[in-house]
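Please walk through this structure by way of its open spaces, taking the lining of each in turn and then what is held there.

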Amino acid sequence: MNKWLHRAAKLAEAFQVGDGKRFRLASIDPRDTGGFDSKRKSQAHLARAIRLLGELQEKLYAQDRWALLLIFQAMDAAGKDSTIKHVMSGVNPQGCQVYSFKAPSDEELDHDFMWRTTYRLPERGRIGIFNRSYYEEVLVVRVHPEILARERLPARLVTRDIWRERYEDINAFERYLTRNGTIVRKFFLHVSPDEQRERFLARLDEPGKNWKFSLADVRERNHWADYMDAYEAMIRHTSTADAPWYVVPADHKWFTRLVVVSAILEALAFLDLAFPTVEPDRLKELEAARVALANEAPDVSAAERARGST
Ligand code: ATP
Ligand code: MG
């Protein structure tokens with residue numbers, strides 16, 4: 001691993017939870033900028049990281065063995081959308097799929113809670129991004145018991161153990177994905193309530209941002225402490241060595257992007273990605289095809305027919 005990549009890996013590791021058992025959310029300051037003192041100074045790093053991500057993704061695609069699943073969770077206005085937009089800006093759109101999960105439809109509620117996400121998992125060679133995910137089932141659903149009541153689960157299955165059971169099922173599912181070649185990385189963009197308030201105000205003040213403003217989002221601020229408890233419990237139970245959570249400071253968007261892209265680079269760097277090599281027999285075939293194409297006489301009559309028809 002080169003020196004620069006090593007530095008990116010170190011930055012990502014500082015915010016990686018790994019085994020979450022003793023994790024405390026209070027240990028992460030949403031305002032942290034990890035030693036970078038300005039957006040300007042981080043810009044060159046970010047540009048280089050995004051370029052490198054584009055190169056690794058081409059190999060991921062060509063090799064067609066591994067898949068990478070990136071999960072984003074956050075309070076509103078923490079910057080999920082803009083982080084995804086910036087971090088993936090150097091990636092070939094053909095190799096990348098983004099899905100946003102909103103409140104489930106009737107059809108989705110007719111199934112188990114991982115149904116709708118499962119069939120949108122990335123294929124081999126692809127990067128799949130979940131903008132929200134099955135983790136909503138232990139976040140918004142935990143904060144609002146009335147949502148759980150609408151999920152039409154058989155009554156005897158809804159006990160006080162339900163959250164622990166969901167964590168277990170999620171862990172088992174992510175282990176299964178990992179064993180099948182899908183690398184899982186999860187990002188909680190941790191914004192402070194003060195910064196969220198500023199961003200909501202900006203959505204009201206700037207006409208171009210009005211469309212993003214939602215009264216429902218403002219109401220959710222009343223449940224801030226419950227959400228933080230739910231996030232902490234989720235991370236404690238579902239951050240594993242194979243599928244770690246990153247708790248990313250999100251009051252400064254430029255820093256959020258830097259940490260997220262570094263974590264993705266780190267994940268890809270360990271896959272030994274390389275363009276497939278061509279076997280000697282196949283090389284001979286390619287050479288024969290080249291000779292045949294080069295020697296092919298131009299089809300004069302076809303060219304004349306084309307001229308005649310114009
Ligand atoms: P975002 O807020 O992510 O930028 P958005 O504002 O475009 O997206 P919304 O219509 O607000 O989209 O949809 C997201 C909402 O759906 C969130 O409030 C989220 O909590 C809710 N949601 C997502 N998954 C579930 C779920 N499984 N059960 C209940 N609500 C869910
Ligand atoms: Mg919303």
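In this predicted model, the largest pocket is lined by 43 residues, and those lying nearest its centre are Asp-76, Lys-80, Lys-102, Arg-132 and Asp-217. The volume of the largest pocket is about 1400 Å³. By class, its lining is made up of 19 nonpolar, seven polar and 17 charged residues. Several helices contribute to this lining, with at least two residues coming from each of helix 3 (80-87), helix 6 (140-143), helix 9 (193-205), helix 10 (215-220) and helix 11 (224-238).

What takes up the space of the largest pocket? That space is taken by ligand 1, which has 13 residues around it, with Asp-76, Lys-80, Lys-102, Arg-132 and Glu-137 coming nearest. The shell around the ligand consists of six nonpolar and seven charged residues, with no polar ones, whereas the lining of the largest pocket does include seven polar residues.

The polar contacts of ligand 1 can be followed atom by atom. An oxygen atom of the ligand lies 2.8 Å from a polar side-chain atom of Asp-76, and an oxygen atom of the ligand is also found 2.9 Å from a side-chain N or O atom of Glu-136. On the nitrogen side, a nitrogen atom of ligand 1 is 3.1 Å from an N or O atom in the side chain of Arg-116. Taken on its own, ligand 1 has 630 Å² of accessible area, of which the protein covers 70%.

The second largest pocket has a volume of about 410 Å³, and its lining comprises 19 residues, with Asp-112, Phe-113, Glu-151, Leu-153 and Arg-166 lying nearest its centre. Two or more residues of this lining come from each of helix 4 (106-109), helix 5 (115-118) and helix 8 (162-179), and helix 8 gives the most, with four residues. When the lining of the second largest pocket is divided by class, it has eight nonpolar residues, one polar residue and ten charged residues.

How values were computed
Residues are numbered from 1 along each chain as its sequence is written. Chains are lettered from A and ligands numbered from 1 in the order in which they are written. This is a predicted model: local features need pLDDT of at least 70, side-chain atom pairs count only at pLDDT 80 or more; totals for chains, interfaces and linings use all residues. Side-chain values use heavy atoms; hydrogens and water are left out. A residue is near a molecule or strand if one of its heavy atoms lies within 4 Å of it. A polar contact is a pair of N or O atoms within 3.5 Å; within protein, one must be able to donate a hydrogen and the other to accept it, and residues adjacent in sequence count only if both atoms are side-chain atoms. Accessible areas come from the Shrake-Rupley method with a 1.4 Å probe; for residues, only the protein chains shown count as cover. On a 1 Å grid over the protein atoms alone, a cavity is a set of points where a 1.4 Å probe fits but cannot get out, and a pocket is an open set with protein on both sides within 12 Å along at least five of seven lines; lining residues have an atom within 4 Å of a point. A molecule sits in a cavity or pocket if more than half of its atoms lie within 2 Å of its grid points. Ala, Val, Leu, Ile, Met, Phe, Trp, Tyr, Cys and Pro count as nonpolar, Asp, Glu, Lys and Arg as charged, and the others, Gly among them, as polar. Grid points are joined across faces, edges and corners, and a volume is the space filled by probe spheres set on the points.
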